[in-house]
Amino acid sequence: MEKLEKFTVGRQPTLVFGAGAIVDLAKTVAVYGARRVLIVTGGGSIRRTSAWHNLLAELSASGLDLCDYSGDGEPTAAQVDAAAEHARKHSVDLVVAIGGGSAVDLGKAVGAAARMPDSIERYLEGVGDREPTGETLPVIAVPTTAGTGAEATKNAVISRLGADGYKKSLRHDAFVPRVAIIDPELHVGCPREVSAASGLDAITQLVEAYVSTKATPFTDALALSGLAYAAGSFRRTLAEPGDVGARAGMAYAAYLSGVCLANAGLGLVHGAASPIGAVCAIPHGVVCGNLLPVTVTATIEKALRENETRVINRYAACARALADDVVGDDVSASRRFIDVLLEFEEVADLPHFGAYGFTAGDVERVVRDTSGKNHPVEFSADQIAGMIESRV
Ligand SMILES: [Fe+2]
């Protein structure tokens, strides 16, 4: 048992979890005394489902005034500003964000932006010149994919693509959604490629938080629990997309990955994922799924060479949580972890970065903007460039 040092656990949403949990939405809105509700969605696929129509009917029947805003792809500052204007015009007093990680981030950002006097861009970390005060409309997050865990975190990722692009966070403790309603039945229609990419994002977050230099006994327990549920669920969600039990396992793993990243930080994969995502529109989960095996392999090889026992022990524990055929000591278990991740990668069958227009010429700029500050070992810029190049 490791010694207990001082640590903090940030605020979490009230969690309503399980098949059919969405029926509690109207009741949950009522708890906040809201009258006018903005429903934020992503690209629109949820709007073609019967669940969407039932939801609107139920919310309207409970006497709420509804308006809605549909985002498209990962949120931009212009999108957030437009949706916030929409919210102010309709005197909205609560935001419900339904969709994938981008829709949940958009909803969180809109809740805050509706209370801000200037463009959201002025409040982004590393971009703007102002700090958020934490003032926000209450936000209820209803994820329909299992990936980023955005329903549990205090930041919303905002992107701008291109030469002067960025992928930066709007961040404040108060931006954690008040409530997360996680209903795995809403995940059943998630396309295979999205389930694969977002599932590997969640797994990456759990692994990176577990080996992070900022990990705590609290996040350790959650990370291993999340990996154990992912172990039994990831392949099944891809092979049997209608399996609600498997969807529940991944949804739970994703939620825990959000709590873990908020409290333990992440590693090199996520350090590179933001600058890669600022170059071109590669889904975040595709970036993580591509970089996880190559990064873990390099980290384990370095840790073995340098006899970094803590790091080896931690990857061995990840292997034992994520696969049930891991035998032997920590050194052999950590080596087995590399194979486990390669097997997951093969099942996921994700495109490489080049499929989205990313080229080897983009690598230098990405490496310059990459931070691996909580990663358990250090790599040179050339080593990081080699890892990214191998996935172009
Ligand atoms: Fe992530």
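Which domains does the domain assignment of the protein give? The assignment gives domain 1, spanning 14-187, and domain 2, spanning 192-389, with bounds that come from an automatic or database domain assignment. The model described here is predicted, and local features need pLDDT of at least 70, side-chain atom pairs count only at pLDDT 80 or more, and totals for chains, interfaces and linings use all residues. Residues are numbered from 1 along each chain as its sequence is written.

An open sheet is formed by 6 strands in the order β1-β8-β5-β4-β2-β3, with parallel pairing; strands (E, at least two residues) and helices (H or I, at least four) are DSSP runs numbered from the N terminus, and two strands pair if DSSP finds at least two bridges between them. The edge strands, each of which pairs on one side only, are β1 (14-17) and β3 (65-70). On average, and with direction ignored, neighbouring strands of this sheet are turned by 20° against each other, where axes are lines fitted to C-alpha atoms, for helices over the stretch in contact, and angles run from 0 to 180 degrees between N-to-C directions. Within the sheet, β5 (residues 139-143) runs parallel to β8 (residues 179-182) and is joined to β8 by 2 bridges, with I140 standing opposite V179 in β8.

A further pairing involves β6 (residues 155-160) and β7, which are antiparallel and share 6 bridges; A156 has L170 in β7 as its bridge partner. These two strands, β6 and β7, form a hairpin with 5 residues between them, and G162 in the turn has a positive phi of about 110°.

The C-alpha centres of domain 1 and domain 2 lie 26 Å apart. Contact between the domains involves 25 residues of domain 1 and 28 residues of domain 2, two residues being in contact if their C-beta atoms, placed from the backbone, lie within 7 Å. On the side of domain 1 that touches domain 2, the elements giving two or more residues are β7 (166-171) and β8.

Helices α10 (residues 309-322) and α11 (residues 330-348) pack at an angle of about 55°, and their axes are 7 Å apart. This angle makes α10 oblique to α11, since angles under 35 degrees count as roughly parallel, over 145 as roughly antiparallel, 65 to 115 as roughly perpendicular and the rest as oblique. Residues of α10 that make the contact include I312, Y315 and L322, and those of α11 include V331, F337 and V340.
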